[in-house]
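Open the structure in your viewer and keep the selection tool at hand. This tour goes stop by stop, saying what to select and what is there.

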Amino acid sequence: MATTTSPSRYTPTGAGFQNPNFPNPMGPYDARVIIYGCLVHVLQLVRYKTWFFSPLALACFLETVGYIFRSLSSKDNPYHIIWFVVQYFMIVVAPVFISASIYVCINKLITWAKSVGYVLDQWWLSPKLILWGFVTVDVLTTILQIAGAALIGSSQSNQKDPATGNNILLAGLAVQSFSFTIFLAVLSLFRFALFKHPEKSTAVRAKDWFIAALAIASLLVYLRTLFRLSETAQGLFSHLSIHEVYFGTLEFSPVVLAVWILAVWHPGRWLPYDTAAASRTSRVESNSGKEKPRANV
């Protein structure tokens with residue numbers, strides 16, 4: 001199967017399939033920055049046994065592979081379809097696993113809050129709903145994005161109009177952006193719900209730094225998603241897609257910053273490993289603090 005193509009009337013250069021990110025100088029340490037972040041996360045994963053945070057380590061691995069192929073595509077052969085598909089797949093899918101890790105953290109924060117006595121009975125603060133609801137949307141929208149990207153590559157290689165693939169890709173990104181907007185609202189409402197219990201402010205302050213880090217990481221992932229949405233809405237070979245500065249500042253940088261923020265404020269140091277055990281401990285401490293009833297004389 002050929003991996004390079006003949007001229008196409010659908011590319012501005014008339015040179016067949018071309019990675020829209022080319023020319024792409026690539027920073028010499030792009031992949032290394034992510035590799036180091038991956039190593040830090042793996043080490044903390046083993047140290048704290050926070051296996052629920054494994055998706056983030058996987059995201060780092062996918063990003064690393066994606067940027068290796070992106071480097072090959074930009075420096076060696078920008079007309080190589082396989083290299084484009086691999087790098088696009090990896091770089092698009094990786095943030096989904098970062099989001100999944102964030103969803104798990106919110107799930108555990110809500111479980112922790114309930115274990116220390118917070119009354120969070122709102123349906124939209126259901127840990128299972130937050131975790132599986134948003135993960136399901138991310139998985140479905142990512143499948144749409146991959147299908148759209150594959151159709152774009154296929155259309156370009158066959159010298160056909162890639163509009164259909166681009167529209168599918170755009171639909172996936174639009175739904176994903178809307179879903180993450182709702183998640184940010186839920187995260188904000190969760191923090192505001194904690195304010196309603198000032199008597200437990202000490203317990204909240206112990207987690208405030210982690211909640212803030214989680215919020216910043218979420219906003220960075222959201223920024224990256226909005227950039228992808230805007231880029232796709234403009235179409236192939238648009239201003240955003242052919243200028244490397246936008247990719248570097250709105251795709252690469254937000255993801256790297258989110259990875260390193262969650263490495264510094266790792267959940268292993270902020271969340272109880274066993275929330276069920278934490279709940280039992282909280283109830284024991286609460287019961288021990290109560291005054292025993294006096295017997296009637």
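Is Phe-183 buried or exposed? Select Phe-183 and see: its relative accessible area is 0%, so Phe-183 is buried. Keep in mind throughout that this is a predicted model.

**Stop 1: the aromatic rings**

Stay with the rings. The structure holds ten aromatic pairs.

Next, select Phe-180 and Tyr-222. These two rings are stacked, with centres 6.0 Å apart and 20° between the planes. Here, too, distant parts of the chain are linked: Phe-180 belongs to helix H5 and Tyr-222 to helix H6 (residues 201–234), 42 residues apart. Both Phe-180 and Tyr-222 are buried.

Ring pairs join Tyr-103, Phe-134, Phe-180, Phe-183 and Tyr-222 into a cluster.

**Stop 2: charges over rings**

Select Arg-70 and Phe-247. Arg-70 lies over the face of Phe-247, 3.5 Å from the ring centre. Then go to Lys-108 and Phe-52. The charged end of Lys-108 sits over the Phe-52 ring, at 4.9 Å from its centre.

**Stop 3: the salt bridges**

Side chains of opposite charge can pair when their charged atoms come close. How many salt bridges does a search of the whole structure find? The search finds five.

Begin with Arg-191 and Asp-208. Their side chains meet in a salt bridge of 2.9 Å, N to O. The pair links distant parts of the chain: Arg-191 is in helix H5, Asp-208 in helix H6, and 17 residues separate them. Colour the two by accessibility. Arg-191 is buried, at 16% relative accessible area, whereas Asp-208 counts as partly exposed, at 25%.

Move on to Glu-251. Arg-224 forms a salt bridge with Glu-251, and the closest N and O atoms are 3.1 Å apart. Arg-224 lies in helix H6 and Glu-251 in helix H8, so this pair ties together parts that are 27 residues apart in sequence. Arg-224 is buried, with a relative accessible area of 1%. Glu-251 is buried as well, at 0%.

Arg-228 counts as buried, at 4% relative accessibility.

Arg-224, Arg-228, Glu-231 and Glu-251 are linked in a network of salt bridges.

**Stop 4: a nonpolar patch**

Turn to the surface. Select Ile-35, Tyr-36, Leu-39 and Trp-260. Together they form a nonpolar patch with about 380 Å² of accessible area. Which helix gives the most to the patch? H1 does, with three residues. Trp-260 lies in helix H8 (residues 244–264). Trp-260 is partly exposed, with a relative accessible area of 31%.

**Stop 5: the end of H1**

Follow the chain to Lys-49. This residue is in the loop between helix H1 (30–48) and helix H2 (54–75). Lys-49 has a positive phi of about 55°, although it is not a glycine. Lys-49 is partly exposed, with a relative accessible area of 45%.

**Stop 6: along H4**

Select Gly-153, which lies in H4. Gly-153 is buried, with a relative accessible area of 4%. Gly-153 and Gly-165 are twelve residues apart in sequence, and their C-alpha atoms are 8.6 Å apart in space.

Gln-159 follows H4 and has a positive phi, near 60°.

Conventions: Residues numbered from 1 in each chain as written. Predicted model: local features only at pLDDT ≥ 70, side-chain atom pairs only at ≥ 80, totals over all residues. Heavy atoms only, no water. Helix = DSSP H or I, 4+ residues; strand = E, 2+ residues; numbered from the N terminus. Buried < 20%, exposed > 50% of the residue type's maximum accessible area, 1.4 Å probe, protein only. Phe/Tyr/Trp six-rings, centres within 6.5 Å; stacked < 30°, edge-to-face > 60°. Lys NZ or Arg CZ within 6 Å of the ring centre and 35° of its normal. Patch = residues over 30% accessible without salt bridge, like charges linked within 9 Å, V, L, I, M, F, W, Y side chains within 5 Å. Areas by Shrake-Rupley, 256 points an atom, 1.4 Å probe, with all protein chains shown as cover. Salt bridge = Lys/Arg side-chain N within 4 Å of Asp/Glu carboxyl O.
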